[in-house]
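Visitor: I have a structure to look at and a list of questions about its labels. Could you take me through them?

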Amino acid sequence: MFTVGLCEDDHELRDIVRAGLEREGYTVQSTATGTEAAVTFSRVPPDVLILDIGLPDSDGRDVCQALRAQGVDVPVIFLTARDAVIDRLSGFHAGADDYLTKPFALAELVARVAALARRAAAAAGSPGADGSSTVVLDPATHAIRAAGVDVPLTPTEFRLLAELAAKRDTVVRRSALIGAGWPQGTIVSDNTVDAYISRIRTKLREAGREERIENLRGVGYVLR
Ligand code: CA
């Protein structure tokens, strides 16, 4: 089940968005304040988060940063005022993945959520195909299956490892990896990719897996 977290203080807009997403079969957890969102979505992270920037008690970007600091790295779609160009840029800086300016077409928002859901489903489905010959990822729990306790991955770590596992022994270019791990148009620095790969390596070791991820400088990564 693909769940969407929504934080929007305008109750009419919140209800419209919620109804629109539920009509498409998504489970929606909605909140009206930044404080509520930070608590609710750090406890149970949704698969994608829609955050209004102009909240009564805080700024959606701060909510995003607070969640990121707690390890919640789900894709975020920010909702911003039409003329807030600077807001958009600083939104990305805060770790946002996408944004929509108000007023927006509901269909556009639904389409973006659907794109994220498809990407998550594709990533979850790809590595299981060749069974135990490669690292086994559990799409239901976003975990590396290990003999003892499963080692959990964040959604982004999961998508990255799934991409590498699906193309095992083949070099995955950095740009392709970014395309698999983050929504289209997201600005992702080399350092960020390196940091994710480093964490995935640690988790592979924790899971007792033999696979290793090699970094071919300037080209990409390969899972062997
Ligand atoms: Ca607002």
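Visitor: Why is Asp52 called buried?
Guide: First, a caution: this is a predicted model. Now the value. Asp52 has a relative accessible area of 3%. Buried means under 20%. The value falls under that cut-off, so Asp52 is buried.

Visitor: What makes Asp52 a donor of the calcium ion?
Guide: Its distance. The protein donors are Asp9 (OD), Asp52 (OD) and Gly54 (O), lying 2.2 to 2.4 Å from the calcium ion. For Ca, a donor must be an N, O or S atom within 3.2 Å.

Visitor: What spacing do the donors follow along the chain?
Guide: The spacing is D-x42-D-x1-G.

Visitor: Is Gly54 buried, partly exposed or exposed, and how do you know?
Guide: Gly54 has a relative accessible area of 49%. Exposed means over 50%, and buried means under 20%. The value sits in between, so Gly54 is partly exposed.

Visitor: What makes Asp10 partly exposed?
Guide: Its relative accessible area is 38%. That is between the cut-offs of 20% and 50%, so Asp10 is partly exposed. Asp10 is in the loop between strand S1 (3–7) and helix H1 (11–23).

Visitor: Which residues gather with Asp10 in a patch of negative charge?
Guide: Asp9, Glu12, Asp15 and Asp57 gather with Asp10 on the surface. Why negative? Asp and Glu count as negative. A patch residue needs over 30% relative accessible area. Asp10, with 38%, therefore passes that test.

Visitor: Why is Ser175 called exposed?
Guide: Ser175 has a relative accessible area of 54%. Exposed means over 50%, so Ser175 is exposed. Ser175 is found in helix H7 (residues 174–181).

Visitor: And why is Ala38 called buried?
Guide: Ala38 has a relative accessible area of 19%. The cut-off is under 20%, so Ala38 counts as buried. Ala38 sits in helix H2 (residues 34–43).

Visitor: What kind of peptide bond joins Lys102 and Pro103?
Guide: A cis peptide bond, with omega about -5°. Most peptide bonds are trans. Pro103 lies in the loop between strand S5 (98–102) and helix H5 (106–125).

Visitor: What is the phi of Asp169?
Guide: It is near 65°, a positive value in a residue other than glycine. Most residues other than glycine have a negative phi. Asp169 lies in the loop between helix H6 (155–166) and strand S9 (172–173).

Methods: Residues numbered from 1 in each chain as written. Predicted model: local features only at pLDDT ≥ 70, side-chain atom pairs only at ≥ 80, totals over all residues. Heavy atoms only, no water. Patch = residues over 30% accessible without salt bridge, like charges linked within 9 Å, V, L, I, M, F, W, Y side chains within 5 Å. Areas by Shrake-Rupley, 256 points an atom, 1.4 Å probe, with all protein chains shown as cover. Salt bridge = Lys/Arg side-chain N within 4 Å of Asp/Glu carboxyl O. Charge placed at Lys NZ, Arg CZ, Asp CG, Glu CD. Helix = DSSP H or I, 4+ residues; strand = E, 2+ residues; numbered from the N terminus. Buried < 20%, exposed > 50% of the residue type's maximum accessible area, 1.4 Å probe, protein only. Donors = N, O, S within 2.8 Å, 3.2 Å for Na, K, Ca; no water.
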